[in-house]
Amino acid sequence: MGENKEGSVLVENHQDTKAEKLVAFWKAVKAYLTDDDLAKVEEAYELADKAHKEQKRASGEPYIIHPLAVATTLAELQIDAVTIEAGLLHDVVEDTTYTLEDIRKEFGETVAFLVDGVTKLNQFHYQTKEDQQMENYRKMILAMAKDVRVVVIKLADRLHNMRTLKHVRSDKQKRIAKETLEIYAPLAHRLGIFNIKWELEDLSFRYLEPEKYYDLVEQMKEKRKAREEIVNDTMAQLKKALDEAGIKADVKGRPKHFYSIYKKMKKDNRDLSQIYDLYAVRVIVDTIPQCYTVLGIAHSIWKPLPHRFKDYIAMPKSNMYQSLHTTVIGTQGHPVEIQIRTWDMHRVSEYGVAAHWRYKEGNKGQDKDFDSKVAWLRNMLEWQDPNNPKELVNALKLDIFASEVFVFTPRGDVMKLPKGSVPLDFAYRVHTDVGNKCVGAKVNGKIVPLDYTLQNGDRVEIITSKNAKPSLDWLNMVGSSESRTKIRNWFKRENKEENVEKGRDVLEKEAKRLNYDWKALSKTERLEQVAKALNAGNVNEMLAAVGFGGLTVNAVLLRLIDIEKREEQKQTSQKDTLVLLDKLKQKSPNPNKKRAGTGILVRGESGVMVRMAKCCNPVPGDDIVGYITRGRGVSIHRSDCKSLGHTPDDMKRMIEVAWDIESTETFPVSVEIVAYDRGGILMNIMSTLSELKINIENINAKVDEDTKNAVISLVIDIRDLSQLDFIMTKLRRIRDIYTVQRA
């Protein structure tokens, strides 16, 4: 990879030969692995080379270059030999005839587990590509909760794919770059592997915003000489002062990365000349007391900028990062950021969690410390439903990768919470029962409302009552998915048996109304099949969800009816459907057209007119069904649409349809917001949607004079259901918004 002096990506040059890659790999692993480790790594390489022998990458290179590059990145992190072996073998099960059992026999259970953790779920059929990707995320999250090395391998894999992204078509480049920026770069940040994080961000930026990327590159080039003079002069003055004080220190210029500069420019609406920390110096010393001594010396030479000092040594970040940060008015009046840390802190900042395995031997105390620092992975699975991959990914985007706020317990312990948290989030983080029994809160000794937004340094005390219980309003008040899930779980658990009975009862009544035999419809295997299709857990959990409104009656019943019809009338229905389709195709103005521009594929048939039903406005991600109309083609409905009939004739007219994953269409969807009628609420909503680049087709607002609540109806254009879920989650976090739901 070509790199400029700023440390950011400029040119890709990855056409190295296999021999060159091998030399780089063996040089990296021999720098720290034992002879026994190297022997096992060599076995892994030989198997990978044999398995991928006939395969080529999109660039035309031998495929083995990819696992070699992945393993080399892992070796540069100086991670353990087992992870290097898994890195070499990570694509063998997915792309060759070798099985996981073959890996297990040859290299052991741990290597097999790591390989399985990064293997995609290609052997299963999913309705959409998004469903498959969500399941891949879910599998990776579950695996990395058991062993975080799974995601370290995945990050190295993604890094090489990003470095060679120019060899795939442009639409795929943007999709992969967007996914990298939203999921993988934040994961690298959360795990403290900053070298990978920065490169992933810069590469993603290059493909997502090429004009802005190259414009920033040129601006940085133009001012490089002046910038180097400022940094060199600052380092020289500081080095001289440290030598006089008898402090041995390594003083270097710190490279800035394009995406981090771009984010600051965009966030504060500033140009390049107004970014404070373009000029950066890093000081590395031996001990923590020396860090603070260096800080004092720096402040004695230059005047520090107010509010620009951060002590991450006393209060480390969740990703284990520790350092002192200060910004001073340095040479020629330019602000210069100075970072001060020990060598141990520097090692962790370079390698993140990967440093754990490298230095694990002979340091038993580190295991406990390490577990506490990656506990968020396991906690996330406790907070979220692991059977709902969309919820997991939304939690990753909105909580795990969010900025943090540091607050203090009454005993003076530091607690980290997602930015935007309220006292209820603090209470639920202390313990679920503390949250459930919360009746009030004190911040810095004063009573505050439960929706008060916590600030850095706040001292929080929770007031509880043994008779208290959660309120549904809390769901719109809390700032983290952890708290929201715990509140929902309380309501589900408290009324579970009642909800199961209620769900069963309403399903039975609706089946009876439609002249179906509930006893026949609700055979155990059918209910289990529907529960699995709806990602609703087991049968009782699905019935409970119907009981408390988490699932609609039609969503479950339509599937049960569909299963029965397919079992009883499969042959007849197919013949009738084909006859109707033939008639439609004869009427179609263009019988050779395979797609109608609606993003819908009708079961294996071309030349069929398709239109979206206005009664339910389906969007990609919704479960859909086609209804063959008389003279107007196939009407596409959500499967739980109330306007769909269930008579024998209606069922005959229903046909299997699917979303076209290659479509770039957007779809209108109605959203209803209920909020407290305060000044600026509409502006907050519009600003949030504008920030997310969402087009608003229509907006209407009215106020209930009795309750003083505003009901705001929106019609927005979206790509798919996952985008809608994300938008609604963001809207719910706006202050004074009570509910956001799809109309």
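Buried means under 20% relative accessible area, exposed means over 50%, and partly exposed lies in between. The model is predicted.

Q: Why is L682 called partly exposed?
A: L682 has a relative accessible area of 35%. The class runs between the 20% and 50% cut-offs. L682 is therefore partly exposed.

Q: What makes the nonpolar surface patch, and where is L682 placed?
A: L682, M686 and I699 make the patch, which covers about 220 Å². Patch residues need over 30% relative accessible area. L682 has 35%. L682 sits in helix α31, residues 681–691.

Q: Why is helix α21 described as largely enclosed by the rest of the structure?
A: Helix α21 spans residues 423–430, and six of its eight residues are buried, so the description holds. The buried residues are P423, L424, D425, F426, A427 and Y428.

Q: How do you know that strands β16 and β17 pair?
A: Pairing takes at least two bridges. β16 (residues 624–628) and β17 (residues 634–638) have five, in the antiparallel sense. In one of them, I624 is partnered by R638 of β17.

Q: What makes β15 and β18 edge strands?
A: The open sheet runs β15-β17-β16-β18, with mixed pairing. β15 (610–612) and β18 (654–655) each have a single partner strand, so one side of each lacks a neighbour in the sheet.

Q: How much of the protein chain counts as buried?
A: Of its 743 residues, 51% do. The chain has 32 helices and 23 strands.

Notes. Residues are numbered from 1 along each chain as its sequence is written. This is a predicted model: local features need pLDDT of at least 70, side-chain atom pairs count only at pLDDT 80 or more; totals for chains, interfaces and linings use all residues. Side-chain values use heavy atoms; hydrogens and water are left out. Helices (H or I, at least four residues) and strands (E, at least two) are DSSP runs, numbered from the N terminus. Buried means under 20% relative accessible area, exposed over 50%, partly exposed in between (1.4 Å probe, protein chains only). Patches are made of residues with over 30% relative accessible area and no salt bridge: like charges are joined within 9 Å, nonpolar side chains (Val, Leu, Ile, Met, Phe, Trp, Tyr) within 5 Å. Accessible areas come from the Shrake-Rupley method with a 1.4 Å probe; for residues, only the protein chains shown count as cover. A salt bridge is a side-chain nitrogen of Lys or Arg within 4 Å of a carboxyl oxygen of Asp or Glu.
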